[in-house]
Amino acid sequence: MKYIMIGTACLMVIGIIAGTYFFEKEPNVSKPETPEISDPGPPPLQSVDETAPVGYSLQQDQLQITYNNGAKWIQVPVEKDNLFQGEYSGSEDELIEDSYILTEDLAAFLYAGDYSVDKSVQLLFSKDKGATWEEAKVTASSPPLRFRKVGFLNESFGYVILSADRTMSQEMITVYLSKDGGKTWKEMPRPDITRLIYDGGFIEEDTGFLSFGILNPEEPDLHVTQDGGKSWSKATIEIPDQYKRTFVIAEVPFKEEDHLAVYVNQGPNGDYEGGKVKGKFISEDQGRTWSFQKEVRPDETN
């Protein structure tokens, strides 16, 4: 029995030694390392309107434009906050409608300074797809803006329409014209109108329009200039009896064949045929008088 126990003990010792030997011979197996997670950076820019030929983005608090569907982005040298200065409470994910132009030939942006230190209104523009930028002072001083619009009829003639200093239902309207492609701007005599402006624009260098009455309008209030903004007069729009107090706000007129045409919409409270139907009026005297032509559906005005 004694020899059996000694033999068993010897076998156990031999087994331990052999096991240790073979364990040491096994290759080291290390735990897989946790892959490092690198900073993915900001998400790729997306154009606000992907169908537009020239797109823009306000992501990353910076205005950037693209001419090739986002393959390359060009940073516009303007502070984002300055694009929305004044009396504006809408979304800052999109530029203010009509405050900019984006075409293959022209990128232009209206902006205002910080009113506490700079009351000017500027136009920043590029005519070489963002390779170089020019800055033009539209006005050296303006109260906080509400309405702002810039437009060009050709390479030389441009207009800017601003409204500012709003008090209840009244405000100051100013028209500026450029005849050198936006490099310099001239303030025109202010129209003797204090109602809140709805829209405006020029269709020829001498012929322009201002439309008023955004608060509870009862009839269209359209004013026309035929001397390049030196003077303004109220246009006569003949509203048929069945459409009175229905078609109440004139949009900006446009050229059509051998006459001018304008759509008159129902305003914010219209409910005739769902509120989307407009009246179409035509003028044979460059916008002084207008006669009713027909009703138009939304898909007919695009």
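1. Asn-69 counts as exposed because its relative accessibility is 73%; exposed means over 50% relative accessible area, buried under 20%, and partly exposed in between (1.4 Å probe, protein chains only). Asn-69 lies in the loop between β2 and β3, where strands are DSSP runs (E, at least two residues) and helices are runs of H or I of at least four, numbered from the N terminus. Its phi is near 55°, a positive value in a residue other than glycine. Most residues other than glycine have a negative phi.

2. The model is predicted: local features need pLDDT of at least 70, side-chain atom pairs count only at pLDDT 80 or more, and totals for chains, interfaces and linings use all residues. Residues are numbered from 1 along each chain as its sequence is written, and side-chain values use heavy atoms, with hydrogens and water left out.

3. Asp-61 also has a positive phi, near 55°. This residue sits in the loop between β1 (55-57) and β2 (62-66), and it counts as exposed because its relative accessibility is 57%.

4. Asp-61 and Lys-80 form a salt bridge through their side chains (3.5 Å, N to O); the term means a side-chain nitrogen of Lys or Arg within 4 Å of a carboxyl oxygen of Asp or Glu. The two residues are 19 apart and link distant parts of the chain, with Lys-80 in the loop between β3 and β4. Lys-80 counts as buried, because its relative accessibility is 10%.

5. By this rule there are 14 salt bridges. Another one joins Lys-278 to Glu-251, with the closest N and O atoms 2.8 Å apart. That pair is 27 residues apart, Lys-278 being in strand β20 (residues 278-283) and Glu-251 in the loop between β17 (249-250) and β18 (254-256). Both Lys-278 and Glu-251 are buried. Separately, salt bridges link Arg-195, Asp-221 and Lys-234 in a network.

6. Strand β12 (residues 197-202) has five of its six residues buried. β12 pairs with strand β13 (residues 208-212) in the antiparallel sense over five bridges; pairing requires at least two DSSP bridges between two strands. The two strands form a hairpin with five residues between them. Asp-199 has Ser-211 in β13 as its bridge partner.

7. Asp-81, in the loop between β3 (74-79) and β4 (100-102), counts as exposed because its relative accessibility is 54%. Asp-81 belongs to a surface patch of negative charge, whose members include Glu-79, Asp-93 and Asp-118. Such patches take residues with over 30% relative accessible area and no salt bridge, like charges being joined within 9 Å.

Definitions and conventions. Patch = residues over 30% accessible without salt bridge, like charges linked within 9 Å, V, L, I, M, F, W, Y side chains within 5 Å. Areas by Shrake-Rupley, 256 points an atom, 1.4 Å probe, with all protein chains shown as cover. Lys, Arg positive; Asp, Glu negative; His and termini not counted. Charge placed at Lys NZ, Arg CZ, Asp CG, Glu CD.
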